[in-house]
Amino acid sequence: MFPSANDDLQIRLEKENLLRRIVNNIRQTLSLEEILTTTVAEVRSLLGTDRVLIYKFHPDNSGQVIAEAIHNYRLPSLLGLNFPADDIPPHARELFIKARVRSVAHVESRQIGHSPLRDLETRETISENIRFRPIDPCHIEYLTAMGVTSSLVTPIFHQDQLWGLLVSHDSSSRQFDEDDVEAVQRVVDQLSVAIAQSNILTQAHEKSQREAIVNRIATLLHSMPAVELQPALEAAVTAFGGSGGRLCIRNRAFDVKNSTVKSLAECLELDEPLVKIYTYGCQPSVPEVARYQLMEQYSVWQEHYNNSGDCDIWAIPDIYKIPQLRNLQVAFRPTKIRGILMLPLKDRQQLLGYLSIFRDEVDTETLWAGRFDRDERQLYPRMSFEVWHEHKKAQPLEWTTEELKLAQALGKQFTLAIQQREIYQQVNALNANLENQVKERTAKLQNTLHELQQAQTQLIQTEKMSSLGQLVAGVAHEINNPVNFIYGNITHVNEYAEDLLTMLELYQRYYPNPHPEIIEQAEALEFDFIVEDLPKILASIKIGTDRIRQIVLSLRNFSRLDQAEMKLVDIHEGIDNTLLILHYRLKPRPDSPGIDVVKEYGDLPLVECYAGQLNQVFMNVVSNAIDALDQQRASVTDAPKGRIAIVTSVGQIDGYIPSVVIRISDNGSGIPQDLLQRVFDPFFTTKPVGKGTGLGLSISYQIIVDKHCGVFKCNSQVGLGTEFWIEIPMEQKMSSS
């Protein structure tokens, strides 16, 4: 009895509904694993076959079954098993890639049918019926060994690359037609979209994890008064899952007499290397009889980077397969270290050091569908697909692309920290050298000593302001672009949200009785709360963006790199920018009630001055006031809440030169009279060791008095507080040197 036309139509409608459900499930789910698991089950139900699986290719053209659905155990499970690359002959792989052919095989009729999506020669999209030809005997043996009498294979593509196969197997004489092929193709097309979306989500998640690691290590490197490299090294090794690591950098390579810095190669070549080595975890064991005791002293690293012409990361998965490392291999043989990630830490053309991460060898186990010899070409099909456990000892692991991206980001952070460390060492060396000269020449040349101090402080001031200005301007610039993008689009987002809410309100007004499923979903989503809270969230985003733009503007104004010459500036703007930058030290914290700032601004005209240098004076004075208040709070029980007052007014220097006066005072412990007269001396400080260089007020004095022909003085009483008086002419009659 043959089915009627109505029955055939009913079957087609049921298949179409099932196919539509499969497509909708793929579109609505974000988890790729869940999508694949659901898809194989639904496709098996759609086709009515015994087994449907999804097979994903590995980079070496082998592959693994990653999803599977089986009906009533009619065929054995292949889930999780790997298949060698030879299981798919090269000509079949070429048809999948070039023609995107769908393959239908029937064992009983000994026929195989191909339905290409593209012309093999022109690569243009075509639509053809299934064309059958005799099937290869090896293919029949392969399917028979699997217990399969009919199969449908559809290639899955991602970004025009063969990603995998969707395979349907049946142990009976199931006949696949064009409708089956096209139905499965519709599913595969949606799978390709889901794979692309999953990759995007994976990349976003990896980027988020990478940024979190970089931020955590950057905090270790830059949050302490002194650069702490050991904790950062340990965190870096842990981030890579490494077994050990090393950081090799120059140490005290600055020659004070000649004002030169030895290169890293020069430091490593000396009998007593001028290098500092930080280690963590497992380390190579260099024999005592070896010429070099440090792995970084071997020329292989310098030769590699000289020959490559750049300073990219050298990712070495297996050190025993790199001929250049043969002299170092003996040092690693007592260990399980197998891979090295070598990061050259370089600033422009100058190599500052090496960061190396070690990775141990691992034992691997691979589940194969049947036993085979990977060292010989497979000439005959396997007669059994029983699980074969392939065990391998002491295998290397490849460094992934994500790990290389993380290494690049961490390399930049370590490079910046090492630069700061070297600058700190150079300043200390200069200070120590200057102190020695002072001791030697105290009896002879007070004038010469004064000149040397001025030259020293001027050099430090120039370097400090240049570096600080460039850093601040660079940070402000990098933040400014994305912030402007957000700020420019938040208005549109707000308008769109209002339009959508208005549209929803109209729907609710004219369709007051929605479908129960809509009501259920609205309650699950707390729809009324979303409608109420969405405008508030957008408003908060706008407020936050405005705050960031104000900070960026303050940073750019503070750096003033474009105002190296004298210009008319707003003094109040410079003070406000300084306070904004130091806001994090003024606001309340768990261990501090915060510091109140009282501003009493007078009506000041624009003042001709060096804006960047004047901002530095404000920064030094306000920072000193904050330090004094913090020290008082830490040492005095029941100390009053900190208060900083800033008063501006107009005045006259020497009774006739129009000027502006800025008075900055605090209610700290004050300065004893015997120390008050030395506060502007170079290298004099009342702060604890390591908290100050003694140059801030000395440099500020030069800026105000020498550069601006102004007045800079300090008044203080013990127990009452301190006030700094800053006064500069409104106009500069001549350029100051």
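Visitor: In which loop does Tyr-73 lie?

Guide: Tyr-73 lies in the loop between strand 2 (63-70) and strand 3 (82-83); strands (E, at least two residues) and helices (H or I, at least four) are DSSP runs, numbered from the N terminus. This is a predicted model, in which local features need pLDDT of at least 70, side-chain atom pairs count only at pLDDT 80 or more, and totals for chains, interfaces and linings use all residues. Residues are numbered from 1 along each chain as its sequence is written, and side-chain values use heavy atoms, with hydrogens and water left out.

Visitor: Is Tyr-73 buried or exposed?

Guide: Exposed means over 50% relative accessible area, buried under 20%, and partly exposed in between (1.4 Å probe, protein chains only). Tyr-73 has 80% relative accessibility and therefore counts as exposed. Although Tyr-73 is not a glycine, its phi is positive, at about 55 degrees.

Visitor: What is the phi of Arg-110, and where is this residue placed?

Guide: Arg-110, a residue other than glycine, has a positive phi near 50 degrees. Arg-110 is in the loop between strand 4 (102-106) and strand 5 (111-115).

Visitor: How are two packed helices described?

Guide: The description uses the angle between their axes and the distance between the axes. Here, helix 5 (residues 178-222) and helix 6 (residues 229-239) pack at about 165 degrees, with axes 8 Å apart. Axes are lines fitted to C-alpha atoms, for helices over the stretch in contact, and angles run from 0 to 180 degrees between N-to-C directions.

Visitor: Which residues of helix 5 make the contact?

Guide: Helix 5 contributes Ile-213, Ile-217, Leu-220 and Leu-221, where contact means heavy atoms within 4.5 Å.
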